[in-house]
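Visitor: I would like a close look at a single part of this model, followed by an account of what else surrounds it.

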Amino acid sequence: MNDQEKVKIFDTTLRDGEQSPGASMNLKEKVEIARQLDLLGVDIIEAGFPAASPGDFESVSMIAKETENATICGLARCLDNDIQKVAESTAAALNKRIHVFLATSNIHRKFKFNKPKEEIIKLAIRGVEKAKSFVDDVEFSPEDATRTELSFLAEIVEAVIKAGATTVNIPDTVGYTTPSEMTGIIQYLKKNVSCIDQAIISVHCHDDLGMSVANSLAAVDAGARQIECTINGIGERAGNCSLEEVVMALKTRQDLFNFQTNIMTKEICKTSRMVSHITGITVPSNKAIVGANAFAHESGVHQDGVLKNRETYEIMDPQDVGWGESELVLGKHSGRHAFEKRLISLGYELEKDVFEEAFHSFKVLSDKKKTIYNQDLVSIVENFALQSAENFSLVSVEMNYLREKSTSEPSLKAKVTIKDLRSGELLLGESSGEGPVEAIFEAINRALKVSVKVFSYSIKSVTEGQDAMGEVAVKLTYNDSSPKMGRAASVDVLEASAQAFLYALNLLDL
Ligand code: KIV
Ligand code: ZN
């Protein structure tokens, strides 16, 4: 075990992951994820692109203060201002890295920059030298490396290492390469870059052709010692190499890959659920490692085999990646102790007051729902964990739905009562609407005397069955505010809709 070489895990959920359509996260949510990534044991957290917006700068700065173990990294173009912003925002971190990038492929050189190769090399060297004036740990990425002429790729890699880059990353920016081609690229660099041993080779693979994990593993096999990846594989377009898949492939196939990572695999499921909950990007049930069916056995033959010997159909132990002990869990007679034990097995240790609130919600839920699954518990806990200080809380929602036989016109009215927690005042709102959700949102708007429009609304079932909880995600913007996301879960999906809308409104300065 000890003679195994380390592969560093560079997590870019908060940077490339945030580039997934619709995945923007607020400051509190990013810090929450960064803390969990730190617990998970990732070596490097790419916390953002500080020059992209003041919000990104603030979140990288906060993450640099709030994390304890991982190196905190920020992304920069080869521009002085970008690099300066990474240096400033990561200053408080114990270990910090500046990641500079510049596109190198012919198509990018021609259409993005209209600059010759010599100019690109000069800019790359300047960028690395500038970054080096702030920190020792500098990573350089030749963007679109896998579509760059090999000889030019080797030339620029040689130049940036000589300028001080300590990691050279080979991005498959458009998810174009294949495992054997990736092997060839890394082997070529090892052979043709004279100073290659002075830097760590990294890979950053996108999943456009579904090969990001395979390409990353091929790179490691050929000599890369850092993998860039995201939780649940989220990221630009089809996403990035999935952290949980690549880490578990390395761990499960040690007969092929004699490497170790620092990942605490038991934290994987919790991290995956947190990222899915915060971004609103659902994990497909058949997704490897973290999908709801990843360890479910449907066919009788398989079930029989697993009961006789788990390894007949399971190549990993579900508990190694943080799945709870059993799927069928608690019911209305379960007490605090059983509830707490189950939460701990799912990776949650709650502060006393949050625990009490979560336990109360569990009891309310167990009156409405016969069987409570792990996913239900996770949904309850995640809702509490992310709840910010509230100004408004929902007291009641009433729906009146009547369709007269004589007319096709429905009479649909929503009535809400909301408590303003600052003044103690009860605010009432009523509205009709084309559908019940629209009527509820408008009634809430009227109660608060605002006019906030929702631009995305989604609902999904937390588990199966007709008594399943519905988890609602609502996204809105108001005046010039950044998008605000609200989520809530309940067996009453209209109540969950009202709660989610109100949660997002609580994030606005009303
Ligand atoms: O995909 C890409 O090329 C990137 C770089 C900035 C590393 O995300
Ligand atoms: Zn990328």
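Visitor: Which residues of helix H3 (residues 80–89) are buried?

Guide: This is a predicted model, in which local features need pLDDT of at least 70 and side-chain atom pairs count only at pLDDT 80 or more, while totals for chains, interfaces and linings use all residues. Residues are numbered from 1 along each chain as its sequence is written, chains are lettered from A and ligands numbered from 1 in the order in which they are written, and side-chain values use heavy atoms, with hydrogens and water left out.

The buried residues of H3 are Asp 82, Ile 83, Val 86, Ala 87 and Ser 89. Buried means under 20% relative accessible area, exposed means over 50%, and partly exposed lies in between (1.4 Å probe, protein chains only). Helices (H or I, at least four residues) and strands (E, at least two) are DSSP runs, numbered from the N terminus. The cover over the buried residues of H3 includes H2, strand S4 (71–77), S5 and helix H5 (117–132); contact here means heavy atoms within 4.5 Å.

S5 leads on to the ligand. Strand S5 (96–103), strand S6 (138–143) and strand S7 (167–172) each supply at least two residues of the shell around ligand 1. That shell includes Arg 15, Asp 16, His 99, Phe 101, Asn 169 and Thr 173, a residue being counted if one of its heavy atoms lies within 4 Å of the molecule. Oxygen atoms of ligand 1 make polar contacts, which are pairs of N or O atoms within 3.5 Å; within protein, one atom must be able to donate a hydrogen and the other to accept it, and residues adjacent in sequence count only if both atoms are side-chain atoms. The distance is 3.0 Å to a polar side-chain atom of Arg 15, 3.0 Å to a side-chain N or O atom of Asp 16, and 2.6 Å to one of Thr 173. Ligand 1 taken alone exposes 260 Å², and the protein buries 94% of that; areas come from the Shrake-Rupley method with a 1.4 Å probe, and for residues only the protein chains shown count as cover.

H2, part of the cover of H3, also belongs to another grouping. A nonpolar core is a set of buried Ala, Val, Leu, Ile, Met, Phe, Trp, Tyr and Cys residues joined through side-chain atoms within 4.5 Å. This core has 46 residues, of which Val 42 and Ile 227 touch the most other members. H9 gives its largest share, 6 residues. Domain 1 (5–279) and domain 2 (295–324) both contribute residues, so the core lies between them; the bounds come from an automatic or database domain assignment. Leaving out residues up to four places away in sequence, Ile 227 touches Val 7, Phe 10, Val 203 and Leu 250, among others. A second, separate core of 44 residues includes Val 128, Ala 131, Phe 140 and Ala 218.

The loop between S9 and H9 holds Asn 232 and Arg 237. Phi is near 65° in Asn 232, a positive value in a residue other than glycine, and Arg 237 likewise has a positive phi, near 50°. Asn 232 counts as buried at 12% relative accessibility, whereas Arg 237 is partly exposed at 41%.
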